[in-house]
Amino acid sequence: MAAANGAQIGANRQSAGGEFGVGFPAEKIMIKFRLLGFAILLLAWAGQAMAQFAHTEHKQIVDAGGKALLVRATNLGNWMVPEGYMWLFKDGPQSPGEIRALVLELLGPEGSAAFWQKWRENYVTREDIALLHRAGFNAIRVPMHYSLFESDNAEGFPLLDRLIGWSRAENLYVILDLHAAPGGQTGTNIDDSPGYPWLFQSPQEQEHLMAIWRRLAARYRDEPAVLGYDLLNEPIPHFPKLAALNSSLEPLYKKLSGEIRKVDGHHILFLGGAQWDTNFAVFGKPFDANTAYTFHKYWTAPDESVIRQYVDFRERYDVPIWMGESGENTDEWIAQFVKTLEKNNIGWAFWPYKKMESPRSVVSVIPPADWGKIVEFAKLPRGTGQAEERLKARPEQETIVRAFEELLESVRLQKCRVNEGYLRALGLKADVAAAGAGEPAR
């Protein structure tokens with residue numbers, strides 16, 4: 001009986017071997033089942049991971065549960081990337097580097113270092129993020145300067161960590177925007193570049209860019225409050241002499257996206273077009289499954305004619321589009337443009353959140369009493385030949401110190417003025433002034 005059973009078992013094995021291959025078919029069957037189970041587990045893990053993060057689905061950005069997410073955001077301009085016009089410097093320093101040079105000249109090494117540390121602490125606080133939540137925003141776009149993220153313990157990371165923590169608590173998403181990239185993506189003041197967009201022609205600066213984004217992606221790859229990464233702000237100006245760089249933009253995005261995906265497979269990649277994020281003709285078929293395309297629009301008609309090319313792009317490639325910057329206009333214009341965008345299911349981020357002495361932002365900073373003297377001094381030409389003239393025109397040191405100390409207090413939300421008309425134009429809640437904030441502007 002035992003022999004018969006053994007013969008039958010052997011025959012069964014031979015039969016199985018004929019179907020699944022010679023050797024040890026039972027073991028091979030078990031291996032196949034184990035591999036299948038492992039594959040199912042991997043798929044389940046990937047699905048679970050995706051379910052924790054907002055992502056793209058065809059033409060829409062959706063939240064972790066797959067519900068459509070119309071992004072309504074503001075930009076934290078002037079925080080990590082100062083711009084001269086937001087300091088009332090209509091003439092004189094415009095780029096972050098030029099503004100830093102002026103502050104260094106006026107306050108000295110120790111004083112300027114202390115100023116910038118306090119500036120970043122005071123300009124964006126928990127109270128600011130809470131106000132944005134109360135107003136009805138659901139996201140914040142954060143313009144970043146690459147120099148603040150040169151190492152894992154660089155100054156920018158604690159600032160971002162804190163901001164993301166506040167945003168998570170207020171149910172706001174955060175979009176990380178590399179506003180000033182290594183080598184410069186524009187060659188103008190907004191990226192603090194040397195005067196030419198060397199990023200597109202310098203292998204050294206491109207590797208520098210990859211290192212910055214690898215560092216950022218490694219830090220925030222497991223953070224669901226981060227909506228995604230806006231890889232380059234407004235690359236390649238509209239100047240005819242720079243048009244030849246257009247063909248370099250998408251290849252650079254592909255290379256950069258590949259590096260990020262080695263570290264972070266969760267977050268949305270936002271790709272801006274050439275010519276200040278306006279030209280989508282530089283793009284071919286999408287090369288990443290979790291990508292949205294972003295455009296900026298200033299000082300145009302606020303109607304559908306200005307967004308038609310982007311809507312057509314969305315339809316052609318079945319991908320989301322997003323308006324990452326607009327504004328600096330009247331409340332009436334903003335209200336009309338918001339209606340145009342939302343009618344076409346396009347989310348938005350208006351610029352900026354906070355600006356000095358202007359109703360064209362969520363809140364206005366009230367200038368210090370002697371700020372006009374700083375503005376007048378800042379207009380003077382710089383250079384060896386102007387050194388004596390600058391010394392003659394330099395305000396008294398006591399006045400300088402007082403003006404900058406008052407500025408650090410003026411930028412705090414409690415001292416700012418909420419622009420209710422601007423919030424109404426965005427279709428948001430206007431009566432949101434924080435306790436202790438200045439009188440709202442109507």
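This is a predicted model: local features need pLDDT of at least 70, side-chain atom pairs count only at pLDDT 80 or more; totals for chains, interfaces and linings use all residues.
Leaving aside neighbours within four places, W87 is in contact with N78, P82, I99, F115, W116, W119, M356, W371, V375, F404 and L407.

W87 also belongs to the largest nonpolar core, which holds 114 residues. Together with W213, F350 and F404, W87 touches the most other members of that core. Helix α3, spanning residues 96–123, supplies the largest share, with nine residues. There is also a second, separate core of 14 residues, and among its members are V71, A73, L227 and A292. As background, nonpolar side chains in soluble globular proteins tend to be buried together.

## Where α6 meets α7

Let us turn to a pair of helices. Helix α6 covers residues 203–220 and helix α7 covers residues 246–261; their axes come within 9 Å of each other and cross at roughly 35°. The crossing is right-handed.

Which residues meet at this contact? From α6 come Q206, L209, M210, W213, R214 and A217, and from α7 come L252, K255, L256, E259 and I260. Sorted by class, the contact has seven nonpolar residues, three charged ones and one polar one.

Across the whole structure, a search finds 31 salt bridges. One of them joins E155 to R120, with the closest N and O atoms 2.8 Å apart. E155 sits in the loop between β4 (139–145) and α5 (156–169) while R120 is in helix α3, so this pair ties together parts that are 35 residues apart in sequence. Is each partner buried or exposed? E155 counts as partly exposed because its relative accessibility is 40%, whereas R120, with a relative accessible area of 9%, is buried.

The loop between β4 and α5 also holds D152, whose partner R215 is in helix α6, 63 residues away, and the pair links distant parts of the chain. The side chains of D152 and R215 meet in a salt bridge at 3.8 Å, N to O. D152 has 58% relative accessibility and therefore counts as exposed.

The salt bridge between R402 and E398 has its closest N and O atoms 3.9 Å apart. Both residues lie in helix α13 (residues 397–410); because they are four residues apart there, about one helical turn separates them. R402 is partly exposed, with a relative accessible area of 31%, and E398 counts as exposed at 61% relative accessibility.

Finally, a glycine in a loop: G187 is found between β5 (173–180) and α6. With 17% relative accessibility, G187 counts as buried, because the cut-off for that class is under 20%.

What lies around G187? Setting aside neighbours within four places in sequence, G187 is in contact with S193, G195, Y196 and P197. G187 and W198 are 11 residues apart in sequence, and their C-alpha atoms are 7.6 Å apart in space.

How values were computed: Residues are numbered from 1 along each chain as its sequence is written. Side-chain values use heavy atoms; hydrogens and water are left out. A nonpolar core is a set of buried Ala, Val, Leu, Ile, Met, Phe, Trp, Tyr and Cys residues joined through side-chain atoms within 4.5 Å. Buried means under 20% relative accessible area, exposed over 50%, partly exposed in between (1.4 Å probe, protein chains only). Helices (H or I, at least four residues) and strands (E, at least two) are DSSP runs, numbered from the N terminus. Contact means heavy atoms within 4.5 Å. Axes are lines fitted to C-alpha atoms, for helices over the stretch in contact, and angles run from 0 to 180 degrees between N-to-C directions. A crossing is left-handed if the near helix is turned anticlockwise from the far one by less than a right angle, and right-handed if clockwise. Ala, Val, Leu, Ile, Met, Phe, Trp, Tyr, Cys and Pro count as nonpolar, Asp, Glu, Lys and Arg as charged, and the others, Gly among them, as polar. A salt bridge is a side-chain nitrogen of Lys or Arg within 4 Å of a carboxyl oxygen of Asp or Glu.
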